[in-house]
Structures are given as structure tokens and as C-alpha cells.
Amino acid sequence: MKIVQAMPMRSLGRRVRGVFHTGFHGARLRAGVMLDDSPMIAPQSISQSNVESEERSVEAIHQSTTFHWVGNGFHVSTYFPSPNLAPERVSPFVLMDYGPPKEFPPLARGKRGVGWHPHRGFETVTLAWEGSVAHRDNAGHAGVIGPGGVQWMTAASGIFHEEYHEEQFSRRGGRMHMMQLWVNLPKRDKAAPPGYQPIAAADIPSVPLEGGGHVRVIAGEYNGVRGPAHTFTPITMLDVRLIAGTRLRVSLPASYNGLAVVAQGRAKAGRFSGGAGELVLFKNDGAYLELAAEQDAHVIVLAGEPIDEPIVQYGPFVMNAVEEIEQAITDVELGKFGPVPEA
């Protein structure tokens, strides 16, 4: 996969000013790739021989950026894109923002979150563990996800949407714990109609693990159980709770990228250990990845078939060529993404 240098930022910047709000999930563009301006903590350097083994070895352990606000409702750190994690190693995923548990006081009036903004060329996936997130777009979709729920929004050909804390949650206050992923679409599907999948916690199957814990299958398959999310390319997304001493084994084609984000506790992969706030990146050298819980742990496993196509990212757009970015901006200016509701 090739990351294409976008046109000079000043040129595009003049066109987008006044069209979009700032702070699209905390990301900005540098050298054709969206990067947070906060410094990345250098990844743990790992050197190990490329032995022939069915179990995947660990390529690196990465840490997220420092924290930043997305709008006024989501306090997150960005795991990727990052200068230390090549985009081709996390494809088909493009961006991951994680917001660990944070307490919000009651809000007497107004909203917390991110107002209307456009997207094209990819999907946004929001996972909520605590709190409630309300979604609305200008294609007529709307929904609220509570604890354990997932919002899977397909921007594809172009859409405006907004994300806020659900109103009653805002009024009473409480803890918010969430993650948002951007999932790339292949060139053939970037012009598909926008879509929306509201996936309630009750819709996500849970597979118990021997020794304790469970695996919630959001997308893809685990031990013969399929998740409810419909995807354009093969993707595995697992929400895992491990009890200390238990193991998780996830079978994957060797060509699929695989990574595990440790949200809580500590888990070991081979002879390397990842703690809360770290991302374990696996090599593509085996038929399965395996994690052993050193402590009770919460882990999100992400895997999928890489999309081997050029990428140009600019603000809220993920396309294959600079000309397509320019066209997206023109289409927004001409109203081709549709009207934005006033209320």
C-alpha cells in the first residue's frame, strides 16, 4: 500500500477553511497522512528471529499519543495513524482513537460531542462500554448506543453526521468509555451509498473462554460464531475480557494484519508483554495469534485483509488520489453531500 503525498497543504487549506469544523476526531494531515500533533512515545523495539511457527510472533509494542479532546465530549488518545506505525501494518484500519473511562459532571443545558461534519471513502465504528452516544446523519439514520453497543456508519460516497453524548446521559452525568475506528473502503466501494448499522449489546454474541472470561464477536468469526457487523472486506473485531491465567487464541489467515489493544490489565504474547494503553502488533508469520492474561484484562483484537491500494487522507476524507480529495471538497461546497438538518 502506498501513502500518496497530497497537494500542498496551503492550497487545500484555503479551500476547506469555512467548510469544515476543526478537530475531526483529533486528526490533521501531514505529508498525506493524518497525524496527531502530539509527540508519539517511541515503540518498544523488538528483535526476534523470523522462525517458522504457526503462532504469530510480535513485531512491536506501540503506545498511543498524549490525550486530546474531540469536540467537547470525547477525551481520547490516538494509536494510529502515527509516525511509528506504518499504515500498511494496520490496514484496513485507518485511525483509532481510544477514550478510557472519564467522569463527566451533569450538564444543565447544551450538548457534549462533535457537530455536523462530512466524511467520504471509509466507515466510522464507535464502540461504547460506558455512557451513551447519539448518532445522527443527513441520510436519515439516527440511533443511540449504550454500554456494550456499536455504531457502524458507512460514509462511502459522502455523508454529514454528528455525534453527541445522549441527552439524558448529559443531564445526569456519568462515566464515558469509548473507542472510535476508521475502516478504509476499497476503491470499488468508495462510491457506495451511505449506510448505518446500529448494533445493540444484545445483538453481539458472547463466547465463553475456558478458565474464565469471554469474547464478544462484533465482526468476523471466532470459534465458529459470527459477529453481526456487515463489512466490505474481511474484518475481525473482538471485544475480549480475560481472567488472569487464561489464554485467547484467534485463528487468522497469515496475510491478514493482526493487532491487540490492551485497554485494561496486562496480557502476554510470546515473550513480550503489553499493558494498559499499549498496542501489540503481530507479524504476518503464523496461522493464529495468542494472548495470555497476566492480570485480568480487557483487550480489543483487530484484524483484517489489507487493502493494497494507494491512500490519500485529508481531514474527513480517505481516498485513493489527490484529485479525489479535491473532488470531495468541491462536492461538499456544491451541496452534493446533501443538506444538513438545522435542528
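Leaving aside its neighbours within four places in sequence, which residues is Phe282 in contact with? Keep that in mind while you load the model, which is a predicted one.

**Stop 1: the whole chain**

Show everything as cartoon. The protein has 28 strands and 3 helices. Colour by burial next. Of its 343 residues, 57% count as buried. Take the contacts between residues at least 6 apart in sequence: 73% of them join residues at least 24 apart.

**Stop 2: Phe282**

Select Phe282 and show its side chain. Phe282 belongs to strand E24, residues 278-282. Its relative accessibility is 1%, so Phe282 counts as buried; the cut-off for buried is under 20%.

Beyond its sequence neighbours within four places, Phe282 is in contact with Arg56, Ser57, Val58, Glu59 and Arg89, among others. Gly258, Leu259, Ala260 and Ala269 are also on the list. Leu289, Glu290 and Leu291 complete it.

Ala60 and Phe282 are 222 residues apart in sequence, yet their C-alpha atoms are 7.2 Å apart in space.

**Stop 3: the sheet that holds E24**

Select the strands E3-E24-E21-E26-E19-E16-E15, in that order. They form an open sheet of 7 strands with antiparallel pairing. Strand E3 (58-63) and strand E15 (206-208) are the edge strands, and each pairs on one side only. Look along the sheet to see its twist, which averages 20° from one strand to the next.

Zoom in on strand E19, residues 235-242. Of its 8 residues, 7 are buried, so E19 is largely enclosed by the rest of the structure. Follow its partners:

- Strand E26 (residues 297-304) pairs with E19 in the antiparallel sense over 8 bridges.
- Asp239 has Ile300 in E26 as its bridge partner.
- Leu238 has Val301 in E26 as its bridge partner.
- Strand E16 (residues 213-219) pairs with E19 in the antiparallel sense over 6 bridges.
- His214 has Arg241 in E19 as its bridge partner.

Strands of a sheet pair through backbone hydrogen bonds, either parallel or antiparallel. Then show the side chains. In a regular strand the side chains alternate between the two faces of the sheet.

**Stop 4: a sheet of 4 strands**

Select E7-E12-E9-E10. This is an open sheet of 4 strands, with antiparallel pairing in that order. Which strands stand at the edges? They are strand E7 (113-119) and strand E10 (142-145). Each has a single partner strand, so one side of each is left without a neighbour in the sheet. Neighbouring strands here are turned by 15° against each other on average, direction ignored.

Inside the sheet, pick strand E9, residues 133-137. E9 and E12 pair in the antiparallel sense over 5 bridges.

**Stop 5: aromatic rings**

Start with Phe160 and Phe337, an edge-to-face pair at 6.1 Å centre to centre, with 75° between the planes. Phe160 lies in strand E12 (residues 159-165) and Phe337 in the segment after helix H3 (322-333), so the pair ties together parts 177 residues apart in sequence. Phe160 is buried, with a relative accessible area of 10%. Phe337 is buried too, at 5%.

Phe317 is in strand E28 (residues 317-319), and Phe337 in the segment after H3 is 20 residues apart from it. Both Phe317 and Phe337 are buried.

Now move to Tyr79, Tyr98 and Trp129. Together they form one aromatic cluster.

**Stop 6: charges over rings**

Select Lys111 and Tyr164. The charged end of Lys111 sits over the ring of Tyr164, 4.7 Å from the ring centre. Then select Arg249 and Tyr288. Arg249 lies over the face of Tyr288, at 3.9 Å from the ring centre.

How values were computed
Residues are numbered from 1 along each chain as its sequence is written. This is a predicted model: local features need pLDDT of at least 70, side-chain atom pairs count only at pLDDT 80 or more; totals for chains, interfaces and linings use all residues. Side-chain values use heavy atoms; hydrogens and water are left out. Helices (H or I, at least four residues) and strands (E, at least two) are DSSP runs, numbered from the N terminus. Buried means under 20% relative accessible area, exposed over 50%, partly exposed in between (1.4 Å probe, protein chains only). Contact means heavy atoms within 4.5 Å. Rings of Phe, Tyr and Trp (its six-membered ring) pair if their centres lie within 6.5 Å; planes under 30 degrees apart count as stacked, over 60 as edge-to-face and the rest as tilted. A charge sits over a ring if NZ of Lys or CZ of Arg is within 6 Å of the ring centre and within 35 degrees of the ring normal. Two strands pair if DSSP finds at least two bridges between them. Axes are lines fitted to C-alpha atoms, for helices over the stretch in contact, and angles run from 0 to 180 degrees between N-to-C directions.
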